[in-house]
Structure formats: C-alpha cells, structure tokens
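Visitor: Could you take me through how the features of a structure like this are read, beginning with a strand?

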Amino acid sequence: MARFNDDGLFLQRGGRAEQRRRVRPILFFLIFISLALMILSRLHHSSLDTVRWHIASSFAPMLQSATKRADPFRAIGRTISSQLDLNAELQRLKAENQKLKGWEWRSKQLEAKLADLEALMKVVPEKHISFVTSRVIADSSGAFARSIMINSGSKENVKVGYPVINADGFVGRIVDVGPDVSRVLLACDVDSRIPVNVGVNGIHAILAGDNGDHPRLLYMPDDAKIALGDDVSTSGIGGLFPPGLQIGKVTTNLDEPRVTLRTNLDPLDYVSVLFFDGPARTLADGLSAERDRSAHASSPSKSPPPSKSATSGRGSGR
Amino acid sequence: MNVSRLVAPIGSVVLLTLLAASPLGIPADDRFFLPLLPVIAIHYWTLRHDAWLPEWVVFLAGLALDILTHGPVGYWAFIYLLAHLIATLGSRVHPETTLARLALLGLAIAMVTIAAWAVASIYFFEVLDWRPYLTGAVLASLCAILVILPLLRILDGVAEPGRNIRLTRGA
C-alpha cells in the first residue's frame, strides 16, 4: 500500500482498509420474518396464497421477456440432447410407425362400426371442445411443487379447473387464473388427484401425484386385474375432465402401481387449455351465481358484487 | 461508491433469480442447482466490501423466487439470508488468493445446500432424498467456476471505479 504525505494529505492506494463486514441486526430480523412466513405457509394460510398469486401474476411480463431471451439457450440445449439420442430415437420411431400403420387400418374399421352403433342407439353426440394454446413462462418444478405458469388467463376465458394437454397427452389442470396468466398444477404434483380408467377393462382409480416422475394409482378395487403397460386415461367421473384424455401407462410393480406419463413434463414449451365446462363446473358456477344473487338481494345498500377477479373460484377445481 | 457498484450486485442477483424460475427444460430432479446460482452472486458481492448488496435485497430476491416457484413462502428468503450471513462471516478470514476464495465459496454452497435439505425435511416432517441436493450443489459449483464467477468478474471490472484511491486528511 503506497502512502504519501503532502501537506498533511494521506493517500491510501487500494482503499481496502476495512475488509470485514459487520453482521447487522436487520439480518436476524429478516431471518425471523422468513421463518414466520414459512410457518404460515406450512399452515396453508389463505391470505398468504391470495397475496402470493397476485404478486406472481404481476411478475408475468418480466417472465415473458426473460423466457423470450432464454429461447436461444433452450434451443441449443434441445439440439444437443436430440443429437445425442438421434439414432435410438430413429429406431424407436421406425418401429412405432410400423405398428401405427396396422393400427390405422384397424381404427378406421372400428370408427365406422362405432358410428353405425351410435346411430342405431341414438347416442347424444359429444360436444366439440375448443381450446387455446399458450406458452409456458415459468416453471416451478422442485421439491415443493410441480406447476407451470402460462401466458393466458381470464382475458382468454380460461377458468379454474380446465384441463391442460399437449401433443403427447394430459399435462395437468388450471388452479389459479389471473387476467393474463394462469397456473397449471401438473399431474405429478403432490396435490394432484385425477379420476382415471386403467386398461381395457376400464378399472376406476385415482391418479395421485407425489412430486416424483411417476404418480401412483390409488383406490383400485381389490380384485382389479391390471398389467404392466396398461393405458391410463381420464375417466370423466366427477365431470371435471372429459373422458379419454391419454395420461400414460402402468409401470413398476403391480403391488404399488405407478404410471409413466406420456408427456415429458420437464421441457414444456407450449400447452393447450381445453375449455371443458363439464356438468360439475356448470353446477358449481350456477350455485355460485345463485349465492351471489341472493347475497346481493339481501343487502341492496351494498355495492354491487365485484367482477370476476384474478382468483375467482380459486380452489374449486382442486 | 458509484452507481454501477449499486446496480451490478442487485442486477446480477435479480437476473439469476429470474433464471431460476424460467422454464429451461431441465428435469425437475436436476433443477435444484438453479436456485443456488443467486447464492453464488450473493456470496461474491458480500465479500466485496465496496459493493452494495443490503440484506433486504437478498430477502426480496428469495421471496420472489418462493412466489414464482410456488414453494413455501420464506424458504429461499431464509436460505439466501443464510448465504449472506455465511459470506459476511467469511469476509473476516480475508481470503486474498483466488483458491482461498473458491474454497470459501465451495464451503458456502455446501453449507447452504445442507441447510436447504434440512429445512425442506423439517417442512415436510420426513427425511427427504438428499441426492438431488448433492447433484444441485455439484452443478452449482461447476456453474460458479465455469460461468457465473467469470461473468461476475467482468461485471465487477466494468463497475469498478476508475481510481481506487482514498484520500484521508492526516494530523
């Protein structure tokens, strides 16, 4: 360190006289606040959830911008990973293509037969389900939750409980809706419960996530006969999801059956939200509207009920 | 202290926090290293006595990550504050060489990872699988050496004041 004396003026080169930092009391105060918030979070305090979702929605523009900026890096990563297993993928696709050619002919036959039978039985035709495709702007996959944030919300008529799919199959369902963004609870989240059919016999079960990659099958009948590789799809029971959405296949041991999902939930870029207003949701919406009307009629002096907010109906789909 | 000494630490911590919540297509079990990246920036800037990274910024960064990742509110805020505390205590040993600084950072990442695993286990009332945490710590250390630290050094160089000379009037 150089030091000069020039008319009582000292110069210290480097300016690193004070290297150590003090631990300030505010640090301990903030640690205390963090721990208090964590305890409130553990107790599932409702106000905390509401505030959290409002703040998360306000981050949406920043996240959208960050996602766009990260696109080249994601593309590079995807190119590298696809190049690494290109040969294996080619072989798998060839085999799958051969199998599908056989199935195409068979499915056309079955389709014609089914149409004849439906006409004969005067079956009510299924409603066409419209959808909106959205971009994934945030990923919260980790030890605590498996969910994603997408860039469509109540402005696009997205509602809580709507099923979300992609080209491979079922992804999850909407649990929070803001004006421009929504949160999708993935099928493998610990809070996810989906009524499903298993195998050709259509055995009813509940697909329960545990934050792992392979959700469990619960509440199957004791005498249920399932096999490894059996298809798992939504049953439509409860009216939350349309029946027949492909979810995955039964894997691991049959004593504690688990499902390998058709969709790889890690590199999700775009997903589609199905506008499925099943009977359960129509009934719940009707009851909610009726309750609002009666509450409004009983207190005419009060201000009119608020318009549909960012978290309207929150939790009703869970 | 010039403006860049305020912007560089906060900017880097905020950017790395946003990166941790971005959909990068990384498998869920391997994603744990992403929230550890802001820990590297917090550690780096806390050791730099002339950089401005107050505790409340660290707290807010952690809170933002908790909200965006839908984890327990306060979890990453607590872990980041712990990282700040470790770095503050680490600054007392005066790590002068690069190797000493790297060792100190490695130790900080290890301690923060153990704390993150322990707090998550207490939160769920069960002993969680430690392997994703170990993988995360190793990946975060590699990222620190190969990417984050060189970038922070460049940022630090840009933000460095022109002449680092202090004038004091003597008796």
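Guide: In strand β4 (residues 147-150) of chain A, the side chains of A:S147 and A:M149 point one way and those of A:I148 and A:I150 the other way, and all of these residues are buried. Buried means under 20% relative accessible area, exposed over 50%, and partly exposed in between, with a 1.4 Å probe and protein chains only. Strands (E, at least two residues) and helices (H or I, at least four) are DSSP runs, numbered from the N terminus. The model is predicted: local features need pLDDT of at least 70, side-chain atom pairs count only at pLDDT 80 or more, and totals for chains, interfaces and linings use all residues. Residues are numbered from 1 along each chain as its sequence is written, chains are lettered from A and ligands numbered from 1 in the order in which they are written, and side-chain values use heavy atoms, with hydrogens and water left out.

Visitor: Which strands does β4(A) pair with, β7(A) being one of them?

Guide: Two strands pair if DSSP finds at least two bridges between them. Strand β3 (residues 131-139) of chain A is joined to β4(A) by three bridges in the antiparallel sense, with A:V136 opposite A:I150. Four bridges join β4(A) to strand β7 (residues 182-186) of chain A, also antiparallel, and there A:L185 is the bridge partner of A:S147.

Visitor: Is A:R183 buried or exposed, and what does its side chain contact?

Guide: A:R183, which lies in strand β7 of chain A, counts as buried because its relative accessibility is 5%. Its side chain makes a polar contact with the side chain of A:S147 at 3.1 Å; such a contact is a pair of N or O atoms within 3.5 Å, where within protein one must be able to donate a hydrogen and the other to accept it, and residues adjacent in sequence count only if both atoms are side-chain atoms.

Visitor: How is a helix checked, for instance α3 of chain B?

Guide: The expected span is 1.5 Å times one less than the number of residues. For the 15 residues of helix α3 (residues 55-69) of chain B this gives 21 Å, and the end C-alpha atoms are 21 Å apart, which agrees. Of those 15 residues, 13 are buried, so α3(B) is largely enclosed by the rest of the structure. After α3(B) comes B:H70, with a positive phi near 60 degrees.

Visitor: Why does B:I154 count as exposed?

Guide: B:I154, found in helix α6 of chain B, counts as exposed because its relative accessibility is 55%.
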